[in-house]
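Here are some notes for a colleague who is opening this entry for the first time. Please keep the sequence and the view side by side while reading the points below.

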Amino acid sequence: MIRIRVLLAEDHETVRQGLKLLIDSQSDMEVVGEAANGQLAVQRAAALEPHVIVLDISMPEMNGLVATRAL
């Protein structure tokens, strides 16, 4: 079975960890990386090649909208 590889980009640690627990509890999904800002999300997406990226719109350094354009 193919597992969906997910990258989480969220600047609030508690929210990010909650999403990670929820996603990792699914048998067909796994969190392969995390980022606390948009700039890190773009870098980690290039390195990790996830299937899905969950981006917060409001993050420091580069917001989710700008990160989406960069991706």
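**Notes on the model**

1. The side chain of Arg 16 comes to 2.5 Å from the backbone oxygen of Glu 10, and a second polar contact, of 2.9 Å, links the side chains of Arg 16 and Glu 34. Please bear in mind that this is a predicted model.

2. Arg 16 lies in helix α1, which spans residues 13–24, and it counts as buried because its relative accessibility is 8%, where the cut-off for buried is under 20%. Apart from neighbours within four places in sequence, the residues in contact with Arg 16 are Leu 8, Glu 10, Asp 11, Glu 34, Ala 35 and Ala 36. Asp 56, 40 residues away from Arg 16 in sequence, has its C-alpha 9.7 Å from that of Arg 16.

3. In helix α2 (residues 38–48), the buried residues are Gly 38, Ala 41 and Ala 45. They span an arc of only 45° around the axis, so they sit on the same side of α2, while Ala 46 and Ala 47 are exposed on the other side. The cover over the buried residues includes β1, β2 (29–35), β3 (52–55) and α3 (64–70).

4. As for the ends of α2, Asn 37 caps the N-terminal end, with a side-chain oxygen 3.0 Å from the backbone nitrogen of Gln 39, and the helix is followed by Glu 49, which has a positive phi near 50°.

5. Ile 4 belongs to strand β1, residues 4–9, and is partly exposed, with a relative accessible area of 30%.

Definitions and conventions. Residues are numbered from 1 along each chain as its sequence is written. This is a predicted model: local features need pLDDT of at least 70, side-chain atom pairs count only at pLDDT 80 or more; totals for chains, interfaces and linings use all residues. Side-chain values use heavy atoms; hydrogens and water are left out. Helices (H or I, at least four residues) and strands (E, at least two) are DSSP runs, numbered from the N terminus. Buried means under 20% relative accessible area, exposed over 50%, partly exposed in between (1.4 Å probe, protein chains only). The arc is that of the directions from the helix axis to the C-beta atoms. Contact means heavy atoms within 4.5 Å. A polar contact is a pair of N or O atoms within 3.5 Å; within protein, one must be able to donate a hydrogen and the other to accept it, and residues adjacent in sequence count only if both atoms are side-chain atoms.
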